[in-house]
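Hi everyone, thanks for making time today.

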Amino acid sequence: MKEEEGKKVLAARPSAKSISRTPQLLPEWRYDQTQRAVLPGSSTTTACSAGLQFPACRAAPISLPAPGGSCVRAVSMAAPEAAEEKARRPGKKKAAKAVDESELLTVPDGWKEPAFTREDNPRGLLEESSFATLFPKYREAYLKECWPLVQKALSEHYVNAALDLIEGSMTVTTTKKTFDPYAIIRARDLIKLLARSVPFEQAVRILQDDVACDIIKIGSLVRNRESFVKRRGRLLGPKGSTLKALELLTNCYIMVQGNTVSALGPFSGLKEVRKVVLDTMKNIHPIYNIKTLMIKRELSKDPELRTQNWERFLPKFKRKNLKKRKEPKKKNVKKEYTPFPPPQPESQIDKELASGEYFLKESQKKRKRVEEIKAKQADAVKKRQEERNKAFIPPKEKPVVKAKKGNFFFPVLNTCSVNS
């Protein structure tokens, strides 16, 4: 019985010839690592008794030979998943440019955020928060003078402020009476602005709800120190005119100090200030951005154009690719290559032999040199005298044009002789 069962199992196994013929019968099909035949671009497969899986096709049913003599019929099936994938595939159209949603949002005229009062948070804060910042040595005298005003302004929001002159730091902390959780953040921005040379009169505005600040670090944007100083000066402009124009257009207070630019004002203005500052450090002159801001300011006044796209009104500046290295005025033209060396220059003795001076005596050579010197001196004296005499030569006078009688009126005076 066992021998008969073994023969049946051997008969059921596919022969080596039938497996080797499968790729020859189906040359279009590819086989993966698991020995599954997959047609390119297909997603569904049907199983064969030989262990191979074939994709379902949309054409008429076909019969595939099985190793054991039986055949398996592959039924044509529609693949709904493949249709869904084709529908999901994006077209060849170019994707539209991403539009910043913050620019599309508008705030109604006259609308103001309601103030945060103790009624909004009657229980106060659970934990104490504190922030500290260092300040440079040259700010010590000013901070010491205005520190009572800082403490008074922060006490209205129930925030304590401490000035440590030994360590050179400023610290702000909340108290049990503090009810506004964002007051400590505004106090932190206040001491940061004071450390960056912003005067107290401007820095105290950060405690208002509609005012924010931005400290832009520009020290690491340009490697060359000379280029950095030039671009930072370009941001200021002659006598601070560029900075003043930028402040008027953005409604922000801007302070350029050392390696930072501190800006204080509304959120929309801070966004424009940061863009102008970073473009200036990238060697784009701020006058281009100022022109764009002036046009945007005029367009925003028109209620019809406020909701439209302003691309057609804004100027488009093309960047010129200038040559990095200036061409020299005198170009050295390479001579043609010759294998022969250049002729040897004549020595002083050869020149004297050619002129016959070599055979003269020492006294004769000396007399000749003295005569040459005297001749040069005589020529110099003659030229100098000619230059002096030019001052005594009168210039050429212009010819006098006689006026015609009809053109001008000359009154005639009758002269009478009076006898005494």
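Let me start with a word we'll need: buried means under 20% relative accessible area, exposed means over 50%, and partly exposed is in between, using a 1.4 Å probe and protein chains only. Helices (H or I, at least four residues) and strands (E, at least two) are DSSP runs, numbered from the N terminus.

Now, this is a predicted model, where local features need pLDDT of at least 70, side-chain atom pairs count only at pLDDT 80 or more, and totals for chains, interfaces and linings use all residues. Residues are numbered from 1 along each chain as its sequence is written, and side-chain values use heavy atoms, with hydrogens and water left out.

First, the overview. The protein has 13 helices and twelve strands, and 24% of its 420 residues count as buried.

Let's go to helix α9, residues 241-250. Which residues are buried there? They are Thr242, Leu243, Leu246, Glu247, Leu249 and Thr250. Their cover includes α8, β11 (253-257), α10 (267-281) and α11 (286-301), with contact meaning heavy atoms within 4.5 Å. Just after α9 comes asparagine 251, with a positive phi of about 60°.

Staying with α8, residues 225-236, you'll find arginine 232 in that helix. Leaving aside residues up to four places away in sequence, arginine 232 touches Ile218, Val256, Gly258 and Met281.

On to the rings. Rings of Phe, Tyr and Trp (its six-membered ring) pair if their centres lie within 6.5 Å; planes under 30 degrees apart are stacked, over 60 edge-to-face, and the rest tilted. The structure holds three aromatic pairs. In one, tyrosine 358 and phenylalanine 359 have ring centres 5.6 Å apart and planes at 85°, so the pair is edge-to-face. Tyrosine 358 is partly exposed at 42% relative accessibility, and phenylalanine 359 is exposed at 64%.

Elsewhere, Phe116, Tyr158 and Phe179 form one aromatic cluster. Arginine 118 lies over the face of tyrosine 158, 5.5 Å from the ring centre; for this, NZ of Lys or CZ of Arg must be within 6 Å of the ring centre and within 35 degrees of the ring normal.
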